[in-house]
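Notebook, structure reading. I opened the model and looked up the contacts one part at a time.

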Amino acid sequence: MHLVCRLMLALWLIAGTAIASPVVLTDHTTTSPAEANLWRALPTGSTITDFNQLRAAILSAGTVASTLGGEGAFGLRMQVTSLSEQPGTWFVRLPANYLDRGQAYWQSDNGRTVPLPGFGQRTGQSVRLLHQQAFPLTLNAGETGVLWLMIDAKKFPAPVQPHFVPQSRFYQQQFLTNAATLLGTGVMFTLGLIALFAYFRTKTPVTLACAGYVGLHGIGWFAASGAWGFIWGVGNSNPAYWGMLLFPFAIAYASQFTRLLFNCRLRHSRLNHFFHGLSVLCLGLGLLMPWLPFVLGYQVSHAIALLWVPTAIVTGIMMLSKKDFRAKYYLTGNLLYGVALLAYMLLHVGQLDLAGYAEGMVVIALALDCFCILLSMAEWLSLQQQEYRRSYLMSRRDTLTGIGNRHAFHEQIDELGDQPYGLVFIDVDGFKAINDTHGHDQGDRFLVFAAEQMQTHLGKLGTVYRTGGDEFLWLVPICQPQQLSGLSALLAQRLQKSEAALHKAGWKNAGLSHGMATSLESDSLSQCLSLADERMYQHKQGKNHTLVRRPS
């Protein structure tokens, strides 16, 4: 009876401490044991400092179906056998980007127990693989033993399925994953700085919103990837969690950027209220999240992502349907980002080995999205610049005749600086009679014709401006002092030709009363204008015109 009890007790201990399916390692093949029922949930808040504590904690813990969505500490013991004929190193790769700390021990069948290099953001070890965790396992030829492993994090967003990767292949994966992430986040940093510099130059809110949108995404993904571990020392906080905390602020900026990009305040009032409200909501959640449990903050950020991605895509489609071609870049970028996020989720749920590269793929897609966002901002700035130029030109052009107005005249004077110039002040004779007799439409046609003739006959000597109803100014730069002696006669000749053109066109009683002055005769522009006006008045006094009806 005593023997039976001892046998039953031994069977119970064997069942309770059963080792996961053995792993067989070869020189050139990546081995990935199934994650289901592989891990054991360790007590919350347990402190494990040596092999004996880890071994005791794992042997006394129960298995879990999966670490997906889990939190806290998990451990495993796994039988590992090397089929290599020579000593070799494999890397154990774990898809756990938020890991606080991890510890592993190798217990060989020959009796030796070796502590393996620690990993995680709070172990003081350098980061080997971004978005994941990895540590080396060096075995002798044909060596067999047990791998004891513990991981601890606030959240496991993906199943932690170990991958045993030969050293040479791991270095290839390390280069591709780290390079893709650093390149993607580097592009986002650069684009964010470009947008920020554009804001300093233009002071337009859309450029500031773009800088926040692009820059915070870059900082957030750089942190979430674990890249801060390259430069950040051991501390009480895990910088990998910061990306999740920054995400609501990035979407708040993205909402404002979308609202400003498509000018929703003036053209789409409902969208304007929606995006403004969404940005306020995200800002409030971002300020609140540092005080929430990380698991809840994780869920909030993912809920924001699930809301934002389809919203951005639908907005892009809607704006493109309205012929707003700024949306072509906006929509392309958000489609890339949305497809990458979808693939990211499917790869993790499917527990494929490709899941190790999913985050890098998302970062590259997001970098392309940010590039497209910057292109849409550039398109916005280009349209604004075109509108500004059009408005600028319109504000300096006489709407009736198309020649420069008083604003354009004063700008040209400013550009001349100290260079001397001549002015001809012109008042059209008989214009009121034309309006009274033939109507204002005919009077407008007359002014247009008169402006054309004056500009034609003045030619390259200067520029004609309309400064009032029937008042015009000729501005003639004086490049050489010797020009001055013959300038009055030359301008009088051009005025006679302009007046003759009016008579030839049928406006027999129309005329051009004029007065000339130069800047050399006065101390200021106002004095020069007054002098030209006075001489024009004297010229008009000597003329007596009678309006003759224009022949039909």
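**Entry 1: helix 2.** I started with what lies over the buried residues of helix 2, and the cover includes strand 2 (40-41), strand 3 (72-82), strand 5, strand 6 and strand 8. Contact here means heavy atoms within 4.5 Å. Helices (H or I, at least four residues) and strands (E, at least two) are DSSP runs, numbered from the N terminus. Helix 2 covers residues 51-59, and its buried residues are Phe51, Leu54, Ala57 and Ile58. Viewed down the axis of helix 2, these fall within an arc of 135 degrees, so they line one face of the helix. That arc is taken from the directions from the helix axis to the C-beta atoms. I noted the general rule beside it: an α-helix has 3.6 residues a turn, so residues three or four places apart point the same way. I use buried for under 20% relative accessible area, exposed for over 50%, and partly exposed for in between (1.4 Å probe, protein chains only).

At the N-terminal end of helix 2 I found a cap from aspartate 50, with a side-chain oxygen 3.3 Å from the backbone nitrogen of asparagine 52.

**Entry 2: source and totals.** This is a predicted model, in which local features need pLDDT of at least 70 and side-chain atom pairs count only at pLDDT 80 or more, while totals for chains, interfaces and linings use all residues. Residues are numbered from 1 along each chain as its sequence is written, and side-chain values use heavy atoms, with hydrogens and water left out.

I listed 15 helices and 13 strands in the protein. Of the 552 residues, 48% are buried. Among contacts between residues at least 6 apart in sequence, 74% join residues at least 24 apart.

Entry 3: In what order do the three strands of the open sheet stand? I read 7-4-9, with antiparallel pairing. Strand 7 (133-139) and strand 9 (163-166) are at the edges with a single partner strand each, so one side of each has no neighbour in the sheet. The twist averages 30 degrees from one strand to the next. Strands count as paired if DSSP finds at least two bridges between them.

Strand 4 (residues 88-94) is joined to strand 7 by seven bridges. In that pairing, leucine 94 is opposite glutamine 133 of strand 7. Helix 3 (residues 167-202) packs on the sheet and touches strand 4, strand 7 and strand 9; its direction makes about 105 degrees with that of strand 9. Axes are lines fitted to C-alpha atoms, for helices over the stretch in contact, and angles run from 0 to 180 degrees between N-to-C directions.

**Entry 4: around strand 5.** Strand 5 (residues 101-108) runs antiparallel to strand 8 (residues 144-153), and eight bridges join them. The hairpin of strand 5 and strand 6 has four residues between the strands, and in it glycine 111 takes a positive phi near 105 degrees.

Aspartate 100 is in the loop between strand 4 and strand 5. Is aspartate 100 buried or exposed? I have it as buried, with a relative accessible area of 9%. Its side chain makes a polar contact with that of tyrosine 241 at 3.2 Å. A polar contact is a pair of N or O atoms within 3.5 Å; within protein, one must be able to donate a hydrogen and the other to accept it, and residues adjacent in sequence count only if both atoms are side-chain atoms.

**Entry 5: salt bridges.** My search of the whole structure gave eight salt bridges. The criterion is a side-chain nitrogen of Lys or Arg within 4 Å of a carboxyl oxygen of Asp or Glu.

Aspartate 152 and arginine 101 form one, at 3.6 Å from N to O. Aspartate 152 is in strand 8 and arginine 101 in strand 5, so the pair ties together parts 51 residues apart in sequence. Aspartate 152 is buried at 18%, and arginine 101 is partly exposed at 26%.

I also noted arginine 396 with glutamate 411, whose closest N and O atoms are 2.5 Å apart. Arginine 396 is in the loop between helix 10 (358-395) and helix 11 (406-416), and glutamate 411 is in helix 11.
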